[in-house]
Amino acid sequence: PPPPLLSYNSTYGATSALSVVVGSIGTYATGLILDHQHSWQTVFSTASAVYVAGAIAFASMYQAKRIFD
């Protein structure tokens, strides 16, 4: 039988809440950078660094194991 619907809803709610918080922090940080340095290059460089760090973290923890048969 499929897992209870509550587990799907809880996972969706937790990841959705986390994405809203991180998105709000990113918007605030962008405003701070633009207020202090007036540089979109710094904003995009910071975003690129975050994406590269995320890609490295993903690649280092990735495992190609079959989960379902």
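## The model

This is a predicted model, in which local features need pLDDT of at least 70 and side-chain atom pairs count only at pLDDT 80 or more, while totals for chains, interfaces and linings use all residues. Residues are numbered from 1 along each chain as its sequence is written, and side-chain values use heavy atoms, with hydrogens and water left out.

## Chain

The protein chain has 2 helices and 0 strands; helices (H or I, at least four residues) and strands (E, at least two) are DSSP runs. Of its 69 residues, 4% are buried, meaning under 20% relative accessible area, where exposed means over 50%.

## Largest pocket

The largest pocket holds about 290 Å³ of space. A pocket is an open set of points on a 1 Å grid where a 1.4 Å probe fits, with protein on both sides within 12 Å along at least five of seven lines; lining residues have an atom within 4 Å of a point.

Helix H1 (5–37) and helix H2 (40–61) each give two or more residues to the lining. H1 supplies the largest share, 6 residues. Among the lining residues are Val22, Ile33 and Tyr51.

## Aromatic pairs

The structure holds 2 aromatic pairs, with ring centres within 6.5 Å. In one of them, Phe58 and Tyr62 have ring centres 5.8 Å apart and planes at 35°, so the pair is tilted (under 30 degrees is stacked, over 60 edge-to-face, the rest tilted). Phe58 is exposed at 58% relative accessible area, and Tyr62 is exposed at 52%.

How values were computed
Rings of Phe, Tyr and Trp (its six-membered ring) pair if their centres lie within 6.5 Å; planes under 30 degrees apart count as stacked, over 60 as edge-to-face and the rest as tilted. Buried means under 20% relative accessible area, exposed over 50%, partly exposed in between (1.4 Å probe, protein chains only). Grid points are joined across faces, edges and corners, and a volume is the space filled by probe spheres set on the points.
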